[in-house]
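Please keep the sequence and the structure at hand while reading.

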Amino acid sequence: MPRQPASPGPATPELIAQAALQLIDEEGPHSLSFRSLADRLGVSHMTIHRRCGDLDGLLDLCVDHLAGQLPDIEPGVDWAQATEARFGSFYELLAAHRGLAALRGARPWLGPQILARLVEPALSDNLAVGMSPHEAIRAYRRMYLLTLGCSTFVDHQDPKAATAATRAALAGLDPEQFPALTGNMEDVLSAMTDHEVYYGALRQLIAAAHP
């Protein structure tokens, strides 16, 4: 008698988030829907709806799942080192799942995990090294926006394709009208997918913010 496939387990928030991120990464942001996710999990789309409410709720679930992977920074670590580790880890997570950031758009990232593992400890560390509340939140905000921008607008998953597309676009420019771009093409191209562009800017912000 042929063996029957095992029935799917409960669609827990963790499993939903994992499957949604996998779907976005493999098939692109446009592929995400309650029905496509339900098909992948082997459950009814209403099951997903009951767990998440709407698409924004599903994206919030994905964000919080990722934020749960941010590292715990041990007490006593040098402020600059802790700050770079905290935001660098956030950047790496977002760069690995840039489709999620594209879907989220400008909506705030305010789930309980990201508040507990990024926002609150970063602000607390800023205050502990002598920043005023005004300075602490602005230093955090600058690093946060840098991280979101660099992870969203740079394709680190397929750097060869991103470089080729940029090269093709620059090749069609008039050298007399765009001498800086066409005359320094290799340097421009190398910067397009270089992680050090982000880390260098982050270190500059850290150095500028340190009391």
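## Nonpolar core

A nonpolar core is a set of buried Ala, Val, Leu, Ile, Met, Phe, Trp, Tyr and Cys residues joined through side-chain atoms within 4.5 Å. In this predicted model, the largest such core holds 48 residues, and the members that touch the most others are Leu58, Phe87 and Trp109. Helix 8 supplies the largest share of this core, with 8 residues.

The surroundings of Phe87 can be listed in detail: leaving aside residues up to four places away in sequence, Phe87 touches Leu118, Ala122, Tyr140, Met143, Tyr144, Thr147, Tyr198 and Leu202.

## Largest pocket

The largest pocket has a volume of about 230 Å³, and among the 13 residues that line this pocket, Gly105, Ala106, Trp109, Leu145 and Leu148 are the closest to its centre.

Helix 8, which spans residues 133-152, gives the largest share of the pocket lining, 6 residues. By residue class, the lining divides into 8 nonpolar, 3 polar and 2 charged residues.

## Cysteines

The structure holds 0 disulfides. Cys52 is in no disulfide, and the nearest cysteine sulfur, that of Cys62, is 7.7 Å away, whereas a disulfide would require the two sulfur atoms to be within 2.5 Å.

Cys52 is buried, its relative accessible area being 12%, and Cys150, at 17% relative accessibility, also counts as buried, because the cut-off for buried is under 20%.

Terms used: Residues are numbered from 1 along each chain as its sequence is written. This is a predicted model: local features need pLDDT of at least 70, side-chain atom pairs count only at pLDDT 80 or more; totals for chains, interfaces and linings use all residues. Side-chain values use heavy atoms; hydrogens and water are left out. On a 1 Å grid over the protein atoms alone, a cavity is a set of points where a 1.4 Å probe fits but cannot get out, and a pocket is an open set with protein on both sides within 12 Å along at least five of seven lines; lining residues have an atom within 4 Å of a point. Grid points are joined across faces, edges and corners, and a volume is the space filled by probe spheres set on the points. Helices (H or I, at least four residues) and strands (E, at least two) are DSSP runs, numbered from the N terminus. Ala, Val, Leu, Ile, Met, Phe, Trp, Tyr, Cys and Pro count as nonpolar, Asp, Glu, Lys and Arg as charged, and the others, Gly among them, as polar. Buried means under 20% relative accessible area, exposed over 50%, partly exposed in between (1.4 Å probe, protein chains only). Contact means heavy atoms within 4.5 Å.
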